Amino acid sequence: MMRKVVKFGGSSLASAEQFQKVGDIIRADVDRRFVIPSAPGRRFDGDTKVTDMLYDCYAAAEAGRDFEKKIETIHDRYRDIISGLGLDFSLDEDFQIIRENFQAKAGRDYAASRGEYLNGKVLANYLGYEFIDSATVILFEEDGTFAADETNKLMAKRLESCENAVIPGFYGAYADGRVKTFSRGGSDITGSIVARALQADLYENWTDVSGFLVTDPHIVENPEVVEMITYRELRELAYMGASVLHEEAIFPVRKAGIPINIKNTNHPDDPGTMIVATTSKKPRFTITGIAGKKGFVAVTVDKDMMNSEIGFCRKVLSVFEENQISIEHMPSGIDTMCILVHQDEFQEHEQVVLSGIQRAVNPDSISVEPDLALIAVVGRGMRQMRGTAGRIFSALAHAKINCRMIDQGSSELNIIIGVSNEDFDRAIQSIYDIFILTQL
């Protein structure tokens, strides 16, 4: 018998109707034995996610204001789901405990986690599965870092004799029992942690899209779905803003060699996207995906013979480090060093950084170019295909877009292009057109 861990996002569990779809999906495959739910998401445009409602409710409690109406509105969301499913089940006692803990100012993490906690209880009752509170099996260190190895041991021991279970996403606890959440979207991480502990055969991540899209559908209309992608490709794309899967969710399953299948709750028969460690399968397109971010600044340091000056790069980078500014990319020439950083971080310390570089290496000149966007073109197929960079330049030139920077990793897995913020959308569209539309 296979063991599948299945995670359902907030849109998949936003209403009784969506719960029924989830129930049908789980019951259609006896191997889907361990379920990780998110909190209820939006039911329609303009609706509010339960997690946001909880944040708002707790803010009122923390400020000493009356929050009864707000918490009753949240309770009503769950009553609607329970009633729509025809369950003989009540969360009255749980909501009373939440009221008391809000009054005692139990913390924003506790407040945010209750969406998943309550949804997990409803789903477990609906499926007839065991409910396991994530606070009892997911551990955090006192400094807030996730205790991966300890959690893996504890989770594996708790689940070894368990036939099926619902384990809420998004949160765990410190050693003293205080609730701690992952970053927003952290239910993906919980699913990955459970899959690793179980040594599952497959981790299914159910959402509202039929897999990982080649690029952002807000920029390109109806982009193609990626059939298969490697962890490394996904990591590159997630880092540059692709958001189907929380990027931290990759690591636990990657370490265990467990594949991930991104699936659509509303179209369960669609194959979705398989995320794997490696594959011999030839990709459908030369590139796997295109992703990017706006809001960068390039700081260019020029100095003749800088390549012969020992410690030059270290001295420049130490100035950024001293000002708590992280480096994104660093393309360089013989007498030129270019550092790309987030513009909002840089502008807070701009003059301190520039004067610090001047003192550290006495350059011939320093120039600053703001309002840049970085676009990552990623694909394992690029290694075997000649002229990939040339096709990118050709596409940008045809769209009359000036390429401000290009940086290729040594793995030949990705190419980073810098363009003006205002050219961002057109650049992505033009790259998509030349690599995807011309191959269809």
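Buried means under 20% relative accessible area, exposed means over 50%, and partly exposed is what falls in between (1.4 Å probe, protein chains only). The model here is predicted, so local features need pLDDT of at least 70 and side-chain atom pairs count only at pLDDT 80 or more, while totals for chains, interfaces and linings use all residues. Residues are numbered from 1 along each chain as its sequence is written, and side-chain values use heavy atoms, with hydrogens and water left out.

**Exercise 1. Find where G10 sits, decide whether it is buried or exposed, and list its contacts.**

Step 1: Locate the residue. G10 belongs to the loop between β1 (4–8) and α1; helices (H or I, at least four residues) and strands (E, at least two) are DSSP runs, numbered from the N terminus.

Step 2: Apply the cut-off. The relative accessibility of G10 is 19%, so G10 counts as buried.

Step 3: Look for partners, where contact means heavy atoms within 4.5 Å. Beyond its neighbours within four places in sequence, G10 is in contact with S38, A39, P40 and G41.

Step 4: D208 is 198 residues apart from G10 along the chain, and their C-alpha atoms are separated by 9.2 Å.

**Exercise 2. Work out how α1 packs against α3 and α5.**

Step 1: Recall what to look for. Two packed helices are described by the angle between their axes and the distance between the axes. Axes are lines fitted to C-alpha atoms, for helices over the stretch in contact, and angles run from 0 to 180 degrees between N-to-C directions.

Step 2: Take α3 (residues 68–85). Its axis and that of α1 come within 8 Å and cross at roughly 55°. That makes α1 oblique to α3; angles under 35 degrees count as roughly parallel, over 145 as roughly antiparallel, 65 to 115 as roughly perpendicular and the rest as oblique.

Step 3: Assign the hand. α1 passes α3 in a right-handed crossing; a crossing is right-handed if the near helix is turned clockwise from the far one by less than a right angle, and left-handed if anticlockwise.

Step 4: Name the residues. A16, F19 and Q20 of α1 meet D80, I81, G84 and L85 of α3. By class, this contact has four nonpolar, two polar and one charged residues; Ala, Val, Leu, Ile, Met, Phe, Trp, Tyr, Cys and Pro count as nonpolar, Asp, Glu, Lys and Arg as charged, and the others, Gly among them, as polar.

Step 5: Now turn to α5 (residues 108–127). The axes of α1 (residues 16–27) and α5 come within 11 Å and cross at roughly 55°. That makes α1 oblique to α5, and their crossing is right-handed. On the α1 side the contact uses F19, Q20, V22, G23, I26 and R27, and on the α5 side N119, V122, L123, Y126 and L127.

**Exercise 3. Describe the crossing of α13 and α14.**

Step 1: Read the geometry. Helix α13 (residues 388–398) and helix α14 (residues 424–435) have axes that come within 9 Å and cross at roughly 125°. They are therefore oblique to each other, and the crossing is right-handed.

Step 2: List the contact. T388, R391, I392, S394, A395 and L396 in α13 meet A427, S430, I431, I434 and F435 in α14. By class, that gives seven nonpolar, three polar and one charged residues.

**Exercise 4. Which residues have the most contacts inside the largest nonpolar core?**

Step 1: Set the rule. A nonpolar core is a set of buried Ala, Val, Leu, Ile, Met, Phe, Trp, Tyr and Cys residues joined through side-chain atoms within 4.5 Å.

Step 2: Apply it. The largest such core has 74 residues, and V5, L159, V194 and I431 have the most contacts inside it.

Step 3: Follow one of them. Leaving aside neighbours within four places in sequence, L159 is in contact with F34, I132, I167, V194 and L198.

Step 4: Look elsewhere. Another core lies apart from it, with 44 residues, among them F8, F95, A111 and L118.

**Exercise 5. Find where M305 and Q324 lie, and give their phi values.**

Step 1: Keep the background in mind. Most residues other than glycine have a negative phi.

Step 2: Take M305, in the loop between β11 (289–302) and α10 (312–322). Its phi is positive, about 65°, although M305 is not a glycine. M305 is exposed, with a relative accessible area of 53%.

Step 3: Take Q324, in the loop between α10 and β12 (336–342). Phi of Q324 is also positive, near 60°. Q324 is exposed, at 71% relative accessible area.
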